[in-house]
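Subject: Structure handover and notes

Hello,

Please find the structure below. My notes on what was found in it follow directly after.

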Amino acid sequence: MPELTPPEMTPPDLADLRKAAAKLEGRSFAMTVATKVGMPVEALLRFLPERAHRSIALAVDKALQQCLRAALAFGPGGAGSTGSNRRHKLSTAVTGAVGGFFGLPGLAIELPVTTTIMLHSIAGIAAREGEDLRNPEAALACLQVLAFGPEGSASQTIESAYYATRAALAQVTRDAAAYVAQKGLAKEGAPALVSFLAKVAARFGLEVSEKAAAQLIPVAGAAGGMALNLLFTAHFQRLAEGHFTVRRLERKYGPGLVRREYERARPPIQLN
């Protein structure tokens with residue numbers, strides 16, 4: 001029997017993959033913030049007092065717990081419509097303004113609301129790319145987006161930041177999806193769910209720290225909180241568009257071929 005030849009990607013699908021790679025491997029949130037405020041993130045983080053790190057960790061945990069419940073409640077149509085990205089950005093701009101007005105103490109209230117709004121936008125993008133959000137694995141893939149983002153380090157020139165993060169999340173995502181498929185959210189503190197959320201929190205918390213630090217500089221305040229939330233939401237919408245394009249193409253061509261073409265298509269890592 002002749003050996004089957006793997007399908008070649010069509011030019012339109014290759015173009016989609018290149019756009020996805022540019023979104024997933026392009027400028028990080030930290031680099032975007034540094035450009036807007038004229039200060040490197042390392043300097044911004046020095047604005048954070050010691051007590052802030054615990055406050056951020058608690059806010060991130062609360063936000064992700066809320067997002068887990070929201071993600072697993074999505075129906076087959078997702079949570080957004082074709083034109084919802086702009087609406088979600090405007091909504092998070094409002095929450096950012098409130099958070100900026102109250103400063104760091106407002107983060108515990110603002111972040112869960114902002115993150116849940118962003119998750120609804122991410123789910124809408126997922127649904128438009130053909131994801132069935134009744135499937136726990138697809139719903140958890142929405143939460144995975146919060147852990148993505150270019151590292152901007154030299155080590156990432158060998159393997160893409162996107163695929164490195166997916167590999168790090170793969171086992172905990174499988175375990176969490178299997179648990180939810182069998183038992184739902186009967187026990188939110190189940191080890192499989194805790195491990196999954198901890199992996200996401202480790203990455204998402206870094207970007208929340210960068211956003212919180214930028215809001216504390218003198219030029220920030222309420223107006224800065226609004227602008228930063230617009231950047232924050234747009235950043236994760238861009239990552240979601242890339243991620244769910246890759247997943248759509250993997251369903252069509254298989255993960256191996258898509259990854260090979262992705263590695264060819266991804267842009268050079270930006271180191272500064």
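Leu58 sits in helix 4, where helices (H or I, at least four residues) and strands (E, at least two) are DSSP runs, numbered from the N terminus. With a relative accessible area of 48%, Leu58 is partly exposed; buried means under 20% relative accessible area, exposed over 50%, and partly exposed in between (1.4 Å probe, protein chains only). Between Leu58 and Ala108 there are 50 residues of sequence separation and 7.4 Å in space, C-alpha to C-alpha.

Before going further, the ground rules. This is a predicted model, in which local features need pLDDT of at least 70 and side-chain atom pairs count only at pLDDT 80 or more, while totals for chains, interfaces and linings use all residues. Residues are numbered from 1 along each chain as its sequence is written, and side-chain values use heavy atoms, with hydrogens and water left out.

Helix 4 (residues 50-71) also contains Ala71. Ala71 has a relative accessible area of 0% and is therefore buried. Not counting residues up to four places away in sequence, Ala71 touches Leu119, Ala139 and Leu143, contact meaning heavy atoms within 4.5 Å. Ala71 and Ala141 are 70 residues apart in sequence, and their C-alpha atoms are 9.2 Å apart in space.

Overall fold

The secondary structure of the protein chain consists of 11 helices and 0 strands. Of its 272 residues, 50% count as buried. Among contacts in the protein chain with a separation of 6 or more, 83% are between residues 24 or more positions apart. The chain exposes about 12700 Å², of which carbon and sulfur atoms supply 59%; accessible areas come from the Shrake-Rupley method with a 1.4 Å probe, and for residues only the protein chains shown count as cover.

Core

The largest nonpolar core has 73 residues, and Leu64, Leu143, Leu146, Phe204, Phe244 and Val246 touch the most other members. A nonpolar core here is a set of buried Ala, Val, Leu, Ile, Met, Phe, Trp, Tyr and Cys residues joined through side-chain atoms within 4.5 Å. Helix 9 gives the largest share of this core, 11 residues. Leaving aside neighbours within four places in sequence, Val246 is in contact with Leu17, Ala20, Leu24, Tyr162, Tyr163, Arg166, Val258 and Tyr262.

Helix 9

Helix 9 (residues 191-215) holds Lys211, and Leu193 is found in helix 9 as well. Is Lys211 buried or exposed? Lys211 is buried, at a relative accessible area of 1%. Its contacts, leaving aside neighbours within four places in sequence, are Phe29, Glu110, Leu228, Asn229 and Phe232. Leu193 is buried with a relative accessible area of 0%. Leu193 and Val180 are 13 residues apart in sequence and 8.5 Å apart in space, C-alpha to C-alpha.

Aromatic pairs

A pair of aromatic rings is described by the distance of the centres and the angle of the planes. Rings of Phe, Tyr and Trp (its six-membered ring) pair if their centres lie within 6.5 Å; planes under 30 degrees apart count as stacked, over 60 as edge-to-face and the rest as tilted. The structure holds 8 aromatic pairs. The pair of Tyr162 and Tyr163 is edge-to-face, because the ring centres are 5.0 Å apart and the planes stand at 70°. Tyr162 and Tyr163 are both buried. Phe232 and Phe236 also form an edge-to-face pair, with centres 5.1 Å apart and planes at 85°. These two Phe residues are 4 residues apart in helix 10 (residues 221-253), so about one helical turn separates Phe232 and Phe236. Both Phe232 and Phe236 are buried. Phe29, Phe204, Phe232 and Phe236 form one aromatic cluster.

Helix 11

In helix 11 (residues 255-265), the buried residues are Leu257, Val258, Glu261 and Tyr262. Viewed down the axis of helix 11, these buried residues fall within an arc of 130°, so they line one face of the helix; the arc is that of the directions from the helix axis to the C-beta atoms. On the face turned away from the buried side, helix 11 carries the exposed residues Pro255 and Arg264.

Cysteines

Cys67 is buried, at 0% relative accessibility, and Cys142 is buried with a relative accessible area of 0%. The count of disulfides is 0, a disulfide being a pair of cysteine sulfur atoms within 2.5 Å.

Regards
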